[in-house]
Amino acid sequence: MGLAVAVSVHQGHPLDLTWYAVAQLFAWTVHVMTHYCNEYFDLEADRANVYYTPWTGGSRALVDGSVTPVVSLRAGVVLLGASALMVAIMPSWPARALAAAAVALAWFYTAPPLRLNYRGAGEMTVAAILNGLWPAVAAVLQAGTVPVLLLAVLAPTAVLQVARMMVMNLGDRRSDAMVGKRTLPVIIGYRRAVRVICGAQLIGYATLTVFALLGWVPWLVWGAMAATAPLSAWLVGQLRGGAMSDLDPGRMTPVVFWASNHVSLIVAAAMLGVILDAARRSADTGALVVLGAVLAGYGLLFAHRLWLARRPAADRQARVGGAGPTG
């Protein structure tokens, strides 16, 4: 959402904090709705999963019995209603159409009858929502249109998002296959999935570079986004080295953590590049300060997320006498 609003300001549109807040609240509501929905409709797959990590295999709340399935379903339905109300109050039919599509795809990601993530379409559905529909809604609410710059920035991140979801599903592939959940790694197999994921890294950054050469993406934005490429290279090295092959949670955890955060980091980098380029073009200083604060907030959130991810490893290390890294 922040990236879409930053692009709108970059293109000369005034910052509308009210609609920015509505767009952000809408995204949060749909996101939480999806989690509750997934917990309920993925329960069979989560129960079958004995290779889960903190980032894959569900939250385990329903599996462990700390939350009953009906509570998860009811919460999802309530949030679905709240999402529909937010769609209804949006000021234009393009915003409502985009937002309604996002809600529908998010709900039917695991819910019947479509169950998109059970039919090989889950990875692309996530990319369509997170790296397409949500930013488009925010841009339309701000500017009444979706700028070409936003589409050019989002396209390579969508490719990387598909790859990221394939990484997550690699860790669940055995339990998913047991219950008939046909994600892309289940359909094409482990080795082909790894090749597709690695190839997507190259395609994502190559597409970004082509767009910069065509003048669709400012070089300042390209530079900020390209700075995340070493993380992409690390992920490729881990996957090619077999980190996800034996379904060892200790080896998988850092891979799925960084795969998941890779996409959010490149989007944050794009937002930084857009803000800097907008400042160079003498865009509204007040709007850029607000957007800079939003980006700083993401930085703090990521730092906290990184601390949480490292803490279990440190605890395990302490219990075994500090004998080296846990992977």
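Which helices each supply at least two residues of the lining of the largest cavity? They are α7, α10 (190-213), α12 (229-240) and α13 (249-280). The structure is a predicted model, in which local features need pLDDT of at least 70 and side-chain atom pairs count only at pLDDT 80 or more, while totals for chains, interfaces and linings use all residues. Residues are numbered from 1 along each chain as its sequence is written, and side-chain values use heavy atoms, with hydrogens and water left out. Helices are DSSP runs (H or I, at least four residues), numbered from the N terminus.

**The cavity**

- The structure holds one cavity of 30 Å³ or more. A cavity is a set of points, on a 1 Å grid over the protein atoms alone, where a 1.4 Å probe fits but cannot get out.
- The space in the largest cavity amounts to about 60 Å³; such a volume is the space filled by probe spheres set on the grid points, which are joined across faces, edges and corners.
- The lining of the largest cavity includes Leu160, Arg164, Ile197, Gln201, Leu235 and His262. Lining residues have an atom within 4 Å of a point.
- By class, the lining of the largest cavity has nine nonpolar residues, two polar and one charged. Ala, Val, Leu, Ile, Met, Phe, Trp, Tyr, Cys and Pro count as nonpolar, Asp, Glu, Lys and Arg as charged, and the others, Gly among them, as polar.

- Helix α7 (residues 148-171) has 24 residues and reaches 36 Å from its first C-alpha to its last, close to the expected 34 Å. The expected span is 1.5 Å times one less than the number of residues.
- At alanine 155, α7 bends by about 25°, and proline 156 follows within four residues. The bend at a residue is the angle between axes fitted to the seven residues ending there and the seven starting there.
- Of the 24 residues of α7, 19 are buried, and the helix is mostly covered. Buried means under 20% relative accessible area, exposed over 50%, and partly exposed in between (1.4 Å probe, protein chains only).
- Helix α1 (residues 2-10) is largely enclosed by the rest of the structure, because nine of its nine residues are buried. Among them are Gly2, Leu3, Val5, Ser8 and His10.
- Glycine 12, which follows α1, has a positive phi, near 100°.

**Salt bridges**

- A search of the whole structure finds five salt bridges. A salt bridge is a side-chain nitrogen of Lys or Arg within 4 Å of a carboxyl oxygen of Asp or Glu. Side chains of opposite charge can pair when their charged atoms come close.
- Lysine 181 forms a salt bridge with aspartate 42, and their closest N and O atoms are 3.1 Å apart. The pair links distant parts of the chain, 139 residues apart: lysine 181 is in the loop between α8 (173-178) and α9 (184-188), and aspartate 42 is in the loop between α2 (17-41) and α3 (43-48).
- Lysine 181 is buried, with a relative accessible area of 5%, and aspartate 42 is buried, with a relative accessible area of 8%. Asp42, Asp176 and Lys181 are linked in a network of salt bridges.
- In the salt bridge of aspartate 246 with arginine 251, the closest N and O atoms are 3.5 Å apart. Aspartate 246 is partly exposed at 40% relative accessible area, and arginine 251 is partly exposed at 32%.
- Arginine 280 forms a salt bridge with aspartate 277, with 2.8 Å between the closest N and O atoms. Both residues lie in helix α13, three residues apart, about one turn of the helix. Arginine 280 is exposed, with a relative accessible area of 57%, whereas aspartate 277 counts as buried at 1%.

**Backbone features in loops**

- The peptide bond from proline 112 to proline 113 is cis, with omega near 5°. Proline 113 has its place in the loop between α5 (93-107) and α6 (122-143).
- Arginine 115 is in the loop between α5 and α6. Phi of arginine 115 is near 45°, a positive value in a residue other than glycine, and arginine 115 is partly exposed, with a relative accessible area of 23%.
- Arginine 60, in the loop between α3 and α4 (69-89), has a positive phi near 75°. Arginine 60 counts as buried, at 10% relative accessibility.

Definitions and conventions:
1 Å grid on protein atoms, 1.4 Å probe; cavity = no way out; pocket = protein on both sides within 12 Å on 5 of 7 lines; lining within 4 Å.
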